[in-house]
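Q: Hi! Could you walk me through this one? I'd like to start with what counts as a contact.

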Amino acid sequence: MSEEKEQSVEHFLELIKRSRRGKFKIYIGMSAGVGKTYRMLVEAQALMRNGIDVKIGYIETHARKETQAQLEGLPVIPRRKLFYKGKELDEMDLNAIINLRPEVVIVDELAHTNIEGSKNEKRWQDVVDILNAGINVISAINIQHIESLNEEVEKITGAAINERIPDRVLQLADEVVNIDLTADELIDRLKEGKIYDAKKVPMALNNFFQIERILQLRELALREVAHQLERKIDTEVPKTTKLRSEIFLACISTNEESAKIIIRKTARLSSYYHSKWYLLYVQKSNESSDKINLASQRHLINNMKLAVQLGGEVIKVKSDQVAKTIWQTAEKYEATTICIGKPHFKFYQLVMKTAVFTQLLNKMSKTDIDLIILS
């Protein structure tokens with residue numbers, strides 16, 4: 001069978017799989033307390049009234065009265081019990097959901113890390129299994145749990161976010177809905193005891209729930225949902241004219257922090273344009289495994305894993321001609337945009353010092369390839 005025919009068959013099989021897959025709806029909020037869980041339960045009640053077989057796979061009401069009231073009358077799939085470090089804990093029962101096969105299942109806290117011993121490490125992976133079983137899923141997430149926004153959110157909140165989901169999970173969604181409140185409305189809810197226990201309110205107001213932080217997180221959430229809408233339009237609305245297909249090439253060195261930023265920002269750009277992207281690491285002769293320290297090797301491996309997790313394809317080339325290798329790789333993989341770090345990164349300084357870089361810019365000026373310097 002020719003390569004063209006094989007691709008045609010693979011494309012058709014992919015269409016069949018998509019048609020069998022359950023529909024996926026995600027509610028996004030700027031923070032806890034905006035009403036994501038409440039909204040999911042209101043929708044579940046409406047679906048049940050309309051004769052839809054809807055069940056609660058996992059819900060966390062956080063003892064909020066308004067939310068708990070909406071849970072009344074909805075069929076809940078019992079959680080499974082697990083013993084972990086001498087304690088009995090409960091977890092969403094993935095097998096029970098798939099065996100019961102409801103039309104729609106509600107699954108809260110998409111970024112949750114499962115207890116050791118579970119089939120999957122993360123709840124979003126459970127959701128993918130449920131979708132692949134042909135069951136529709138409604139879920140929810142806070143903006144701070146999106147992988148490529150990790151550094152941006154940490155700068156805003158000053159807190160590390162450990163539980164995250166890859167951006168590709170959002171790209172699986174058929175519908176992404178923003179649950180929006182103004183900063184004043186959210187703070188009023190907090191003060192009224194609708195988010196946390198009254199004892200926790202003063203501390204929350206002095207930390208996460210500061211107006212400037214809420215406003216920045218709200219902007220991120222609005223921007224993300226708008227981006228997902230644009231992606232949906234790009235993929236589902238026919239175009240009268242064919243636009244250039246963007247392909248991004250991210251270039252990193254062994255510098256751990258700069259590489260993470262380049263990877264995440266390139267992944268965001270790729271997601272925005274709904275396009276393919278590659279990660280290029282040019283290994284110089286003084287960076288072979290027997291010449292760089294173990295910490296640098298570990299950081300490099302972790303960054304490559306991060307790139308794959310965010311949908312990138314890793315390319316590793318051994319060469320001391322860094323700029324020339326970048327250009328040749330861009331040509332080979334038909335990249336439209338090359339992404340590198342800003343001047344204080346050693347990698348950028350290396351490229352700038354080479355005469356080949358001037359040739360690279362000259363070549364780029366005669367083509368449609370763009371160069372982006374990421375801050």
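A: Happy to! Contact here means heavy atoms within 4.5 Å. Also, keep in mind that this is a predicted model.

Q: Thanks. Then which residues is Ile28 in contact with, leaving aside its neighbours within four places in sequence?
A: On that basis, Ile28 is in contact with Lys36, Ile141, Ile143, Leu170, Val176, Val177, Asn178, Ile179, Ala221, Glu224 and Val225.

Q: And which residues touch the most other members of the largest nonpolar core?
A: Ile28 is one of them, along with Phe24 and Ile130, in a core of 62 residues. Helix α10, residues 211-236, gives the most to this core, with 5 residues.

Q: What lies apart from that core?
A: Another core, of 17 residues, which includes Leu279, Tyr281, Ala307 and Leu310.

Q: Switching topic: is Asp167 buried or exposed?
A: Asp167 counts as buried because its relative accessibility is 5%, and the cut-off for buried is under 20%. Asp167 lies in helix α7, residues 167-172.

Q: Which side chain does Asp167 join in a polar contact?
A: That of Arg268, at 3.5 Å. Beyond its neighbours within four places in sequence, Asp167 is in contact with Arg268, Ile146, Glu147, Ser148 and Leu310. Leu310 is also one of the members of the 17-residue core.

Q: Zooming out, how many helices and strands does the protein have?
A: The protein has 15 helices and 12 strands. Of its 375 residues, 45% count as buried.

Q: And what about the accessible surface?
A: The protein's accessible surface comes to about 20400 Å², with 51% belonging to carbon and sulfur atoms.

Methods:
Residues are numbered from 1 along each chain as its sequence is written. This is a predicted model: local features need pLDDT of at least 70, side-chain atom pairs count only at pLDDT 80 or more; totals for chains, interfaces and linings use all residues. Side-chain values use heavy atoms; hydrogens and water are left out. Helices (H or I, at least four residues) and strands (E, at least two) are DSSP runs, numbered from the N terminus. Buried means under 20% relative accessible area, exposed over 50%, partly exposed in between (1.4 Å probe, protein chains only). Accessible areas come from the Shrake-Rupley method with a 1.4 Å probe; for residues, only the protein chains shown count as cover. A nonpolar core is a set of buried Ala, Val, Leu, Ile, Met, Phe, Trp, Tyr and Cys residues joined through side-chain atoms within 4.5 Å. A polar contact is a pair of N or O atoms within 3.5 Å; within protein, one must be able to donate a hydrogen and the other to accept it, and residues adjacent in sequence count only if both atoms are side-chain atoms.
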